[in-house]
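This report considers a predicted model.

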Amino acid sequence: MIDMRVAQYLLTMFIVLSLNFFLPRMMPGDPLSYLTGDPTADMPVAISEEVREKLLAYYGLDEPLARQYTDYLINLAHGNLGWSIYYKAPVSSVLLGRLRWTLLLMGTATLGYVALGILLGALSAWRRGTRTDIGLLVSVFSLGSWPPFFLAMLLIILFSVKLGAFPIGGAKSPTGSNAAGLKLAAEVAYHLFLPSLALVLTHLSGVYFLMRNSMLGVLGEDYIRTARAKGLRKRDILLRHALPNALLPIVTMIAMHLGFLIMGTMFVEVVFAYPGTGTLIYQACTTRDYPLLQGTFLLIMAFVMMFNLAADLLYSRLDPRVRRA
Amino acid sequence: MRRLLDAMREQRLALVGLAMLALFGLLAAFAPSLSPHDPAEMDTPMLPPNRPHPLGTNDIGQDILSELLYGARFSLFIGFLSAMASTAIGLCLGLISGYYDRVGFAVMRVVDVFLAIPRFPLIILMAAFLKPGLRTLVLFFVLLGWPRATRLVRSQILTERNREYVDAVRLVGASDLRILSRHLLPSSISIALVRFIMEFQHVILAESGLSFLGLGDPTVKSWGAILHYAFEYPTIFISDVWVRWAMPPGICITLVVLALTFTGFSLEEWAEPRLRH
């Protein structure tokens with residue numbers, strides 16, 4: 001069963017790789033517009049016929065499609081993602097420099113929304129039907145409906161511009177970039193706060209709601225009634241008996257949610273000009289740096305799919321009942 | 001008492017959600033007669049709110065209120081159409097693949113592949129390379145939307161087809177077609193409806209995201225596109241123009257998504273009584 005899942009993910013990855021190869025080639029117009037930018041752009045680059053042929057030969061674009069395809073796969077296997085036109089550097093090295101910022105932001109946000117979601121979800125279930133529950137339900141839902149980029153813009157305007165409490169963007173302050181050690185860490189955390197907050201608030205609803213439902217289910221079980229009948233304190237029942245069992249679905253949820261989180265992270269990065277991979281995709285789109293766009297895309301896809309597979313496998317480990325299905 | 005409270009809460013949420021949706025639907029439907037200007041028409045740029053332009057004008061002198069009303073049209077239309085198509089395809093395929101095992105196996109392998117692909121990054125890539133118009137955009141959303149509905153409906157059919165009443169009708173001599181259309185289809189309508197709402201929500205958010213990144217259909221005014229141009233405007237954060245330029249489209253997107261959340265939540269509780277302990 002596990003082999004089957006892995007095989008299926010490998011197949012999917014192969015399809016993604018192929019899409020990544022064929023999509024640019026389906027683009028309307030000259031294959032070189034991939035390099036020189038859009039022919040319909042304001043200033044298309046004019047090239048002579050001779051240069052054109054040389055360029056085509058140089059990039060292997062005059063080869064038959066099948067040959068180009070195998071070359072592409074071989075290059076990928078060597079970790080060669082191509083050459084970024086805008087940065088004039090290998091795509092892989094541009095990506096590596098950006099990746100840590102995205103991971104930092106996503107990691108912080110995940111910790112935040114999972115912890116807060118579990119806490120509020122459990123509280124809501126425990127107080128089911130009361131004013132607390134309904135208040136939480138409505139406010140968490142309302143927060144979850146904000147498009148991340150809009151909430152991020154509002155946070156900047158409120159906290160950075162009006163109150164001046166936080167930086168308006170970036171990951172470090174431009175003047176203090178030679179700070180080191182603890183000072184640097186403090187500065188990074190200071191810049192990290194608002195973007196993470198935007199992500200935590202917009203992604204809270206999934207975990208919160210799942211936790212609430214799962215907790216409601218657990219609270220209805222016989223062993224909780226037994227615990228109550230034994231006269232255990234409320235807090236002990238909640239933390240010792242109910243919580244661990246209600247947590248199980250959360251694990252899968254986190255991994256499955258990663259796709260959403262990446263989408264949110266991307267927008268938040270763009271709005272805060274955070275130097276991560278999301279901003280990179282935005283830049284790649286606006287500067288028409290197609291190799292960079294494809295490289296970033298592949299990295300993100302591989303990352304999400306890896307996590308999804310891990311969640312699948314982990315879940316069947318954690319809950320023996322799923323293994324049969 | 002508690003159950004009564006729950007029932008009231010659900011009903012009220014559904015009512016609020018539906019009322020908000022209806023309001024936006026009306027605004028969208030009557031956008032041409034409600035908006036004071038043609039959204040493409042250009043006046044003086046960056047006019048503050050005044051009589052002819054209640055929300056002022058944008059950086060190229062277009063009336064923001066009119067842009068907003070036409071934006072409602074576009075966002076709701078693309079969301080409704082894509083979600084409808086995905087759900088309809090999912091419903092048909094789910095019915096067939098839940099009833100016939102062999103077809104089911106084949107369809108589910110395709111569904112698994114689709115579900116393993118992260119949707120939004122792929123949409124961005126496709127949009128960046130293929131420069132979609134309205135129709136292509138709908139096609140993308142449907143292409144990536146049908147597998148979820150299919151899986152959901154199929155699993156519903158898988159449990160439903162083993163119920164005694166299905167055996168009973170079969171014994172009376174009902175054909176497969178009749179069992180599918182008269183008995184199994186109605187049983188999965190509610191679940192499909194929930195999926196439709198969620199898909200609607202996803203498409204609205206995804207489309208506004210794409211347009212916010214500047215990857216949507218450049219010829220159409222959508223809420224995300226208004227936000228895109230507002231965000232690109234150099235002094236948007238520092239001056240007070242954001243109140244009349246960035247705020248309204250953002251609030252519109254949020255309200256529509258919220259209305260869908262309310263409706264979907266109430267529907268879900270109604271469709272799956274198990275959640276109602």
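## The nonpolar core

The largest nonpolar core in this predicted model has 148 residues, and those that touch the most other members are A152(A), M153(A), V207(A) and V271(A), together with I123(B), I124(B) and A230(B). For M153(A), once residues up to four places away in sequence are left out, the contacts are V271(A), F231(B) and A246(B).

## A bent helix in chain A

Helix α10 of chain A covers residues 234–272, and although it has 39 residues, its end C-alpha atoms are only 43 Å apart, short of the 57 Å that a straight helix would reach at 1.5 Å a residue. There is a bend of about 50° in α10(A) at L243(A), with a proline, P244(A), following within four residues. After α10(A) comes A273(A), whose phi is positive, near 50°.

## Chain B

Chain B is built with 11 helices and zero strands, and its C-alpha atoms fill a box of roughly 75 × 55 × 30 Å along the principal axes. Of its 277 residues, 48% count as buried, while 72% of the contacts in chain B with a separation of 6 or more join residues 24 or more positions apart.

## The contact between the chains

The contact draws 43 residues from chain A and 39 residues from chain B. On the side of chain B that touches chain A, at least two residues each are supplied by several helices, among them α1 (2–29), α8 (176–212) and α11 (247–271), but the largest share, nine residues, comes from α5(B). By residue type, this side of chain B divides into 27 nonpolar, seven polar and five charged residues.

How values were computed. Residues are numbered from 1 along each chain as its sequence is written. Chains are lettered from A and ligands numbered from 1 in the order in which they are written. This is a predicted model: local features need pLDDT of at least 70, side-chain atom pairs count only at pLDDT 80 or more; totals for chains, interfaces and linings use all residues. A nonpolar core is a set of buried Ala, Val, Leu, Ile, Met, Phe, Trp, Tyr and Cys residues joined through C-beta atoms within 7 Å. A residue is buried if 20 or more other C-beta atoms lie within 10 Å of its own, exposed if 12 or fewer, and partly exposed in between; C-beta atoms are placed from the backbone. Two residues are in contact if their C-beta atoms, placed from the backbone, lie within 7 Å. The expected span of a helix is 1.5 Å times one less than its number of residues. The bend at a residue is the angle between axes fitted to the seven residues ending there and the seven starting there. Ala, Val, Leu, Ile, Met, Phe, Trp, Tyr, Cys and Pro count as nonpolar, Asp, Glu, Lys and Arg as charged, and the others, Gly among them, as polar.
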